Amino acid sequence: MAAECPFLEEDLTCPLCYEVFKDPVTLNCNHSFCKRCIHTRWECRGLQHCPVCYRTASSSRPSINRALKRVSDVFKQKPEHFMVKSMKRCSIHNEELKFFCRKDAELICAVCTSTRSHANHNYCSITEATSEILRELTARYNPLKQHLNRSEKLKENLEELKAYIQTQAAQTAEEIKKEYEKLHEFLREDERARLIVLKDQTKSKTGMVSEQLEEVNKIIEELTDITNYVEPITIADDLSFLKECKEAIKRTTYIVPEAEYPAGAIIDVFQYLGSLKHGVWKRMERAVNCCPVNFDPNTAHPNLIISDELTTVKYGKQQQVPDNPKRCMSRIAVLAACGFSSGKHCWHVEVDNSEWYIGVARESIRRKSSEFLNPTNGFWVIGLSNEAYRAQTSPHTRLSLKRKPQIVTVELDYEKGKVSFTYTTDGSSIYTFKDVRFKESIFPYFSIGINQGSTLRICAF
């Protein structure tokens with residue numbers, strides 16, 4: 001009966017899991033798979049094709065092959081009714097192939113073992129050979145499969161990163177435009193103010209000169225009348241001259257008003273153009289704030305929103321950002337954009353009355369898994385939690401503060417191994433970590449609670 005069965009064991013075996021079919025489906029290319037296996041394969045690869053012939057499947061939900069399922073179910077219950085193995089025979093001796101020659105890596109029959117071509121060769125049973133080779137193949141295949149999975153995951157991450165870079169670039173460009181627009185507006189306001197002063201001064205000086213010009217015109221008019229009267233008399237005959245001389249003498253006694261060139265009437269061009277750019281720059285310098293450190297958005301937890309030229313961070317709705325190696329995921333935290341490997345450094349942090357932690361951390365801190373915030377794990381921070389102020393030592397040090405800090409000054413002395421926290425208003429001490437041996441770059445560290453709107457802000461000097 002077994003020999004008459006149209007199915008062999010391999011006919012009932014899924015090419016993906018190598019087990020007898022469970023809920024088999026048949027694709028349009030006539031290759032069959034377990035329903036779960038093919039769907040898992042498609043989800044992992046992101047491609048809807050046959051794993052055997054690579055033809056695209058016509059349907060994403062192929063129906064179960066009922067006939068093949070019935071045969072598979074019968075085989076599982078009564079395998080003796082089937083030809084379990086395909087009976088292949090030796091092409092030379094027509095004997096059943098029962099052995100595997102390890103040296104030549106081929107199937108042989110019992111007669112082959114005593115022939116010259118396989119004499120003294122190392123051979124074993126087919127079952128033993130299959131087990132050995134399968135172990136070796138699995139040992140080689142599994143790392144490759146794992147590498148494939150990692151590569152596919154990396155590909156997915158890189159595609160997400162590529163899309164995020166475009167979004168990040170667009171957002172950054174928009175912020176750049178906004179900040180430059182503020183600078184442009186500052187320059188336009190400065191220009192308008194300067195032109196208004198010039199216009200007012202021009203009007204004032206022009207008015208002054210116009211008044212002086214009016215006086216001069218009156219003098220010219222008076223002198224012209226006198227000249228026009230006297231000149232004809234001086235050349236007239238004696239009788240006419242003597243007749244008009246009295247009036248001529250009277251008119252020539254006219255006292256001419258003092259008309260001088262107006263002092264200070266010329267516009268002082270230097271006032272407007274002398275060192276113009278330097279003056280604008282100095283005024284701009286007074287108007288623009290400068291912070292010693294800035295937040296690094298690429299290290300920020302997805303729930304952190306950074307604004308105000310990277311000086312303000314607050315808790316908000318989770319954002320779609322790539323989980324790059326630098327990003328803090330275990331805590332709602334962010335690092336500064338620049339670290340320090342020498343020297344003295346200082347920055348001011350405005351804090352609120354919710355949960356927060358500020359200080360410094362090693363560049364090598366674990367950013368994906370939770371760790372205690374203490375010096376052993378590379379953190380030198382203080383914070384507020386559950387309405388209590390603590391220095392994050394091991395164990396924690398409770399801080400008895402006379403008043404709630406609003407702005408805290410953090411000072412790092414790399415060479416002396418010291419991290420100090422003081423009140424910015426009067427410089428009184430809050431806490432100091434001493435005798436620290438820094439061996440790598442140290443970054444300003446900031447963390448806030450999960451209260452909506454919790455905020456930290458780096459203050460300008």
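A salt bridge is here a side-chain nitrogen of Lys or Arg within 4 Å of a carboxyl oxygen of Asp or Glu, and the legends below apply that rule to a predicted model.

**Figure 1. A network of salt bridges links Glu181, Glu185, Arg188, Glu189 and Arg192.** Within this group, Arg188 pairs with Glu181, and the closest N and O atoms of the two side chains are 2.4 Å apart. Both partners count as partly exposed, Arg188 at 30% relative accessibility and Glu181 at 39%. Over the structure as a whole, the count comes to 18 salt bridges.

**Figure 2. Lys182 and Glu179 form a salt bridge inside helix H3.**

**Figure 3. A salt bridge joins Glu440 to Arg362.** The closest N and O atoms of this pair are 3.8 Å apart. Glu440 belongs to the loop between strand E16 (429-433) and strand E17 (442-448), whereas Arg362 belongs to strand E10 (residues 356-362), so the pair ties together parts that are 78 residues apart in sequence. Glu440 is partly exposed, with a relative accessible area of 24%, and Arg362, at 23% relative accessibility, also counts as partly exposed.

**Figure 4. Ile358, Ile382 and Phe446 have the most contacts inside the largest nonpolar core.** This core has 41 residues. When residues up to four places away in sequence are not counted, Ile358 touches Val349, Val351, Trp380, Val381, Ile382, Val408, Val410, Phe421, Tyr445, Phe446 and Leu456. In soluble globular proteins, nonpolar side chains tend to be buried together.

**Figure 5. The second largest pocket is lined by 38 residues.** About 1300 Å³ of space lies in this pocket, and the lining residues that lie nearest its centre are Glu175, Ser307, Asp308, Glu309 and Leu310. Helix H3 (126-234), strand E6 (304-307) and strand E18 (455-459) each supply at least two residues of the lining, and H3 gives the most, with eleven residues. Sorted by class, the lining of the second largest pocket consists of 18 nonpolar, twelve polar and eight charged residues.

**Figure 6. One cavity of 30 Å³ or more is found in a search of the whole structure.** The space in the largest cavity is about 70 Å³. Its lining is made up of Cys328, Ser330, Arg331, Ala333, Ile365, Arg366, Arg367, Ser369, Ser370, Glu371, Phe379 and Tyr445, which divide into five nonpolar, three polar and four charged residues. Tyr445, one of the residues of this lining, is also among the residues that Ile358 touches.

Key:
Residues numbered from 1 in each chain as written. Predicted model: local features only at pLDDT ≥ 70, side-chain atom pairs only at ≥ 80, totals over all residues. Heavy atoms only, no water. 1 Å grid on protein atoms, 1.4 Å probe; cavity = no way out; pocket = protein on both sides within 12 Å on 5 of 7 lines; lining within 4 Å. Points joined across faces, edges and corners; volume = space filled by probe spheres on them. Helix = DSSP H or I, 4+ residues; strand = E, 2+ residues; numbered from the N terminus. Nonpolar A, V, L, I, M, F, W, Y, C, P; charged D, E, K, R; others polar. Core = buried A, V, L, I, M, F, W, Y, C linked by side-chain atoms within 4.5 Å. Buried < 20%, exposed > 50% of the residue type's maximum accessible area, 1.4 Å probe, protein only. Contact = heavy atoms within 4.5 Å.
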